[in-house]
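Hello,

Below is the structure I said I would pass on. My notes on it follow, arranged by site.

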Amino acid sequence: MNQTTPSTAQLYDLDLPALQSLLESWGEPAYRAHQLWEWLYLHLVDSFDQMTNLPKSLRERLASKTTIGAPRVADTVVSEDGETRKDLLQLTDGEAVEAVLMHYERRHTACISTQVGCLIGCAFCATGQMGFRRNLTGGEIVAQALHFARLLRPKQDRLSNVVLMGMGEPLLNYDATLAAIHRLTDPQGLNIGQRHITLSTVGIAPGIELLADEASHHGGSLQVTLAVSLHAATDQLRDQLIPMNRRYNLDALFKACHYYVQRTGRRVSFEWALIEGVNDTPQQAQALAARLAGISSHVNLIPLNPTTGYDGKPSSKEALDAFTKELDRRLISYTVRLRRGIDIQAGCGQLRQRNHP
Ligand code: SAH
Ligand code: SF4
């Protein structure tokens, strides 16, 4: 099963019309594509043997000509409290990406990757430290969410949220990311609410504008949550932390964010990993508040996750308090995030770093 060459068609890469034309070209009746679709996205099976209402001959043909695209789990770590699980998922060409499943109250959230590695090279990021390998296909992005949905199924739980916050920059793999979002939100499939999907970007301004213009299944704008990895509110500091800032500086980035809010009516989230003595100063908090004036927004403050390639440290409690005091004074909406899964190194890129030193 799934022993295949990379050139074999992966079913998760095909939308329903493409499945239909594949099966029609094999002389199969039209309803077979719907049956196959249901096995893939409703019953979540990962082998052809389980597709019991398909004739054996068709199952054999599918098995010889295609692969489902369910990744192999190469490594798993579970946090001590059992609330976070991180898998290293092996793709058909031997590359591997990380995906994380987090349980929080009744929510089950998958954090999934869009690229193997990343070419942006943010100083503090383990994925950035490994460089860029390749884009994932839409099917490979979807497969990570389906993998966790399948694990949840025996417990009668369903995957409720997906965050595109794993390895890679989603807006530099735009078409595959959009195909994956449409597949994940398809009412005839996993049916994850658009508002329960978060796309995190380093701040590719033209990509944000494209996303703002994107339509959903039922008309209107696509309602996914946009999270922007800001981490610094002055160009001088952001240039150092995030090389992409030299291409799209804060003015260009905020122009795109304003456009996103205007087109979608949604507020934008801003991610801020607090690094001791670097971006946790009251001056940065003030600059942040000034940038956020007039934009519907929410800030997520995350303690830095230490990585081997960067010697920054997470901020102290005192620095965090001084930072949030400045935000409070300016009525900025924010949340201090927990260090979820810290004992399993749930920061993106860290498990792969361990397996591919
Ligand atoms: N490329 C996209 C999405 C993947 S990174 C982006 O940059 O937004 C997902 C999030 O993890 C980003 O907000 C990123 O800034 C953050 N991140 C990366 N390394 C981190 C670290 N060591 N500690 C805390 N957050 C980190
Ligand atoms: Fe790439 Fe995001 Fe990591 Fe920066 S933080 S290197 S954009 S994955």
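**Ligand 1**

Ligand 1 is surrounded by 16 residues, and the closest are Gly168, Ser200, Ser229, His231 and Asn305. Please keep in mind that this is a predicted model.

By class, the shell around ligand 1 divides into 6 nonpolar, 8 polar and 2 charged residues. Two strands, β10 (197-201) and β12 (268-274), each supply at least two residues of that shell.

- Histidine 231: an N or O atom of its side chain is 2.5 Å from an oxygen atom of ligand 1.
- Asparagine 305: here a backbone N or O atom lies 2.8 Å from a nitrogen atom of ligand 1.
- Glutamate 169: an N or O atom in its side chain is 3.2 Å from a nitrogen atom of ligand 1.

On its own, ligand 1 has 530 Å² of accessible area, and the protein covers 90% of that.

**Glutamate 169**

Where does glutamate 169 sit in the chain? Its place is in the loop between β9 (161-164) and α6 (174-185). Glutamate 169 counts as buried because its relative accessible area is 3%, under the 20% cut-off.

Leaving out residues up to four places away in sequence, glutamate 169 touches Thr114, Gln115, Cys118, Ile120, Ser200, Thr201, Val202 and Ile204. The C-alpha atom of glutamate 169 is 13 Å from that of threonine 198, and 29 residues along the chain lie between the two positions as counted by their separation.

**Ligand 2 and the cysteines**

The residues around ligand 2 are Cys118, Ile120, Gly121, Cys122, Cys125, Gly128, Gly168 and Val202. That shell has 5 nonpolar and 3 polar residues, with no charged ones.

Cysteine 118 is buried at 10% relative accessibility, and cysteine 125 is buried at 17%. How many disulfides does a search of the whole structure find? The search finds 0.

Serine 160 is found in the loop between α5 (138-152) and β9. At 13% relative accessibility, serine 160 is buried. Its side chain is joined to the side chain of asparagine 161 by a polar contact of 2.8 Å. Not counting residues up to four places away in sequence, serine 160 touches Arg107, His108, Ile192 and His196.

Serine 297 belongs to strand β13 (residues 297-303). Is serine 297 buried or exposed? With a relative accessible area of 14%, serine 297 is buried. Its contacts, leaving aside neighbours within four places in sequence, are with Arg267, Val268, Phe270, Leu292 and Ser333.

**Positive phi**

Most residues other than glycine have a negative phi.

Leucine 44 is not a glycine, yet its phi is positive, at about 60°. Leucine 44 lies in the loop between α2 (31-41) and α3 (56-65), and at 4% relative accessibility it counts as buried.

Glutamine 156 also has a positive phi, near 60°, and is a residue other than glycine. Its place is in the loop between α5 and β9. Glutamine 156 is exposed, since its relative accessible area of 72% is over the 50% cut-off.

**Arginine 195**

Arginine 195 is in the loop between α6 and β10. At 52% relative accessibility, arginine 195 counts as exposed.

Which residues does arginine 195 contact, leaving aside its neighbours within four places in sequence? They are Gln223, Thr225 and Arg266. With glutamine 223 there is a side-chain to side-chain polar contact of 2.8 Å. The C-alpha atoms of arginine 195 and threonine 185 are separated by 9.7 Å, and the two residues are 10 apart along the chain.

Regards

Conventions. Residues numbered from 1 in each chain as written. Chains lettered and ligands numbered in written order. Predicted model: local features only at pLDDT ≥ 70, side-chain atom pairs only at ≥ 80, totals over all residues. Heavy atoms only, no water. Near = heavy atom within 4 Å. Polar contact = N/O pair within 3.5 Å; in protein donor to acceptor, adjacent residues only side chain to side chain. Areas by Shrake-Rupley, 256 points an atom, 1.4 Å probe, with all protein chains shown as cover. Helix = DSSP H or I, 4+ residues; strand = E, 2+ residues; numbered from the N terminus. Nonpolar A, V, L, I, M, F, W, Y, C, P; charged D, E, K, R; others polar. Buried < 20%, exposed > 50% of the residue type's maximum accessible area, 1.4 Å probe, protein only. Contact = heavy atoms within 4.5 Å. Disulfide = S-S within 2.5 Å.
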